[in-house]
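Please look at the sequence and the structure shown here, and then follow the report below.

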Amino acid sequence: MSDDKRRPNPGTEPDLRALTPARLLSNAVGRGWSPERSASPSPQDASSSRQELDALRGREGQHVPAANLETRVVGSKPGVAPTEGLLAVGVQLQGRYKILGVIGVGGMGAVYRAQDLRFLGVTRLCAIKEMVNTATDPRVREMITRNFEREASILATLSHPAIPQVYDYFTEGSRSYLVLEFVEGQDLEARVSEAEGLLAEEQVVEWAIQLCEVLSYLHNRQPRPIIFRDLKPSNIMLDAHGRIRLVDFGIAKIFQSGEKGTMIGTEGYSPPEQYRGVAEPRGDVYALGATMHHLLSKQDPRLEPPFSFRERPIHRTNPTVSRELVEIVEKALQYDVNSRWGSAEEMRRALAARLPGRVTARQSDRTTLLNGSIRPIWRFACEDEVRGSVIVANGVVLAPSYDHNLYAIDGEEGEFLWKFAAEGGIGATPCFSNNLVVIGTADHNVYGVSLVDGQSQWVLKTKGRVFSSAFAQFDHFFVGSDDANLYAIHGYSGRKAWNYTADGEVRSRPFVNDQMIVFSCNLGYVYALSLNRELRWRFQARRSILASPLVAEGLVLVGSLDWNFYALDARSGWLAWKHRTGGPVASTAGIFDGLVVFGSADGQVYALQLSDGRLVWRFKAPDQVNGAVTVYEGAVYAGCVDGALYCIDAHSGALRWRYQTDGAITGAPFALGGVIYVGSSDHYVYAIPA
C-alpha cells in the first residue's frame, strides 16, 4: 500500500467527541499550547506557528515551546481563541488557590501556576488547567464539559510516579478547573531541539524504559486498561530530577477490545490503525517507536509523510546508534500491528537487555565484579548480632554488637583494633565527636569511650535501657533513654547538663541545630524544644515513633508505626503533608536532591518529593526495610530483613545491585570513600564497594 493511500481523507468531518479541551491545553507542566492545524505541518507552517508563540511569550516572558502546535484530530478545524480574558495574578479560586501567573494559553482556556493557600507553613505550588466553555450549541457545550470531566476522572484514578497527580476539580460559572501537581522541567521536544548535537543512545534508552513502565501500568490497569493515544516528545516531561513524566491525558481512552472511535492523535506519531478509529495498546508502542526515532535521528515525523520511517532510517543522520537499538525501534514502527512488540513490557525487556551496565564498584586486588555479583573488600566477625548501625571515625569502623561489645576495626584492612565491653547488649549507633565515642547500652548506661584505645572516659547512668543513638552538638551529647528522658551530657566530663521528661520511652536519635532540639518517643509524640529547653510544640502520631526525626527545608520529617510518614512545619509543628505506606515505618529517612527517601515494613523503599510528599518512585524489596537508608553519590543504600543490601538509583528507583548476607540487616549502611560499611545479624560487619 502506498503512503498516499494510507493517509486519512482530508475531507473527513470532525467528531464532536474530539473537541476535548485537554487537547487544546498542555497538562499544566510548564508548557503551553497553540490552536491546532488542520493540515500536515510544513516548515513554513512551523515558522508561522513560532511567530504566533512569540506573541504569547510577551505575557510574562514565559517560554512556550513551539512543539505543542501539531496535536490534533485528523480532519478537524482549527481551534478558536478564548473569548474571555485570562485570570489576573492574585485572583483566588475557591478561596484556596491563588493565581501566580500563566504557564500556557490554548484555544479554550489557559494553564496557570498557583499556590495552595491551605498549606500555611510551606509554599505548595500547583498547576490549574482551565476550560472556558462558551459553546452556544447545548449539545456541544455538554460534550466539551463531559470530556473535560473525563480527563479529571481518568487522572484521579491513576497512581504512578510518572503521572502527575490530580488534586481537585471544580466549576465556577462558564469555567471549569482541574488542579494538578506542578512539575518543574522540560519536555523532550525542547530537549532534542535545544541539544547542540545528537542525544546519547544510553539516555534515550533510559527514557524509553521509563516510558515502557508507565505505558505498562496504563495498559494493565484494572478493571479497564487505558490507551494514551498521543505519545510524542512534547507530551513527555523531564522533571527537575531528570525523571520521565507523562502528561496530557486529554485524549486517553478506556480500552475496550474491538471498539472503534474517533481518529485522534498527532500525525507522524499516531499508528495507522488509529487513523481508522482503532485504539489499542500496541498503538502506544508504535508512538513510542516514533518518539525514539525522532530523539535519535532528530527527524521530526510531523514534517514527513506518515509511516515513512523506513524511507528515512535512523542511521542516515545518526550512524552511531547501535544496530540492536535500531532493530528494536523498527519493530515498534511496523505498519502491521501484529508485527510489533506484543506489549510495552516486552519492548521494555528488549531495551533493558541493550542498556549498558553501570559498574560503580571500586576495583582492587581483593574486589572483583563477577557476573553482576559484588565481593566484599573484607568482613569482620563479631560474637553476636550487629543490630545497630556502624559508623566510621578517623578511618576506624565502630560496630555495636549484641554480644555487649563495641568493636573498633581498621577501615582499610578489616583488622581488629580494640573492643569495649559493656554490661548489656548494644543496639544503638555509636556517635563520634572530638576523639570520643559515645554509646548507650541495655545496662542503662551511656558510655564515653576513647577512639584511640577503647578505654572508658566516663559513664552516665540512666533509669532505663538506652537504645537511643546520641547526637553531638555544642560540645554536648544528646541521647534518650527508656526512662522517658532526653539527656544533655557534657562531652568532656560526662556530667548531666539537663534532662527533659517526655511522655514515653525515647529510643530514637534526637536532632539538634542552632535553633531547636527535635526528638520523639514511643507514645508517638514528636517534640520541638528551644535551646533553653522550653517546649515549642508537640505533635502526636497514632502509634509509636522509632524512626529518628530529620529536619530539612523547614520541615521535620519522621515515620511512625501508624504506617505514615510525616512532614511537619518546623516552626509550628503543623502537618504539612503525610504519605501512607503499606506498613509501619521505623526507618530513618535520607535526603537527596529535593527527595526524602525511607523504608517501610511493607518491603518498599519510598522516594517522596520533599516539598509536597508526592511519590516519585518506590522500590520493592522481598521483606521489611526497617533500618535507616543512606544516600551516597546518587544511590540509595538500604538493608533489608531478607539479609540483602540494596543499591538503588536515587534518581529512578531502579536496582543497581544487591549484596546478600546470611542475616537480617536492620542498621543503616555507612558510606565513605567509595565503600559501604554495614552490619548484619549473621554476626559480620561487611565492607562492600559502593
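## Aromatic rings and their surroundings

Across the whole of this predicted model, a search finds 23 aromatic pairs. A pair of aromatic rings is described by the distance of the centres and the angle of the planes, and two of the pairs are set out in this way in the table.

| Aromatic pair | Centre to centre | Angle between the planes | Class |
|---|---|---|---|
| Trp378 and Tyr677 | 6.1 Å | 45 degrees | tilted |
| Phe478 and Trp498 | 6.0 Å | 55 degrees | tilted |

Trp378 belongs to strand S16 (residues 378-381) and Tyr677 to strand S46 (residues 675-679), so their pair ties together parts that are 299 residues apart in sequence. Trp378 counts as buried, because its relative accessibility is 6%, and Tyr677 counts as buried too, because its relative accessibility is 7%. In the other pair, Phe478 lies in strand S26 (residues 476-480) and Trp498 in strand S28 (residues 496-501), so this pair ties together parts that are 20 residues apart in sequence. Both Phe478 and Trp498 are buried.

Rings can also be linked into a cluster, as ring pairs do for Tyr500, Phe519, Tyr525 and Tyr527. Charged side chains also lie over aromatic rings: Arg124 is placed over the face of Tyr167, at 4.5 Å from the ring centre, while Arg387 is placed over the face of Tyr402, at 3.9 Å from the ring centre.

## The chain as a whole

The chain has nine helices and 47 strands, and buried residues make up 59% of its 690 residues. Of the contacts in the chain with a separation of 6 or more, 52% are between residues 24 or more positions apart. The chain exposes about 27,200 Å², of which carbon and sulfur atoms supply 47%.

## Strands and sheets

Strands of a sheet pair through backbone hydrogen bonds, either parallel or antiparallel.

Elsewhere, strand S4 (residues 109-116) is mostly covered, since seven of its eight residues are buried. Six bridges join S4 to strand S5 (residues 124-132), and the two run antiparallel; the bridge partner of Tyr112 is Ile128 in S5.

Arg229, which is not a glycine, has a positive phi near 75 degrees, and is found in the loop between strand S9 (226-227) and strand S10 (236-239). Asp593, also not a glycine, has a positive phi of about 45 degrees, and is found in the loop between strand S37 (590-592) and strand S38 (595-599). Are these residues buried or partly exposed? Arg229 is buried, with a relative accessible area of 8%, whereas Asp593 counts as partly exposed because its relative accessibility is 43%.

Definitions and conventions
Residues numbered from 1 in each chain as written. Predicted model: local features only at pLDDT ≥ 70, side-chain atom pairs only at ≥ 80, totals over all residues. Heavy atoms only, no water. Helix = DSSP H or I, 4+ residues; strand = E, 2+ residues; numbered from the N terminus. Buried < 20%, exposed > 50% of the residue type's maximum accessible area, 1.4 Å probe, protein only. Contact = heavy atoms within 4.5 Å. Areas by Shrake-Rupley, 256 points an atom, 1.4 Å probe, with all protein chains shown as cover. Phe/Tyr/Trp six-rings, centres within 6.5 Å; stacked < 30°, edge-to-face > 60°. Lys NZ or Arg CZ within 6 Å of the ring centre and 35° of its normal. Pairing = 2+ DSSP bridges.
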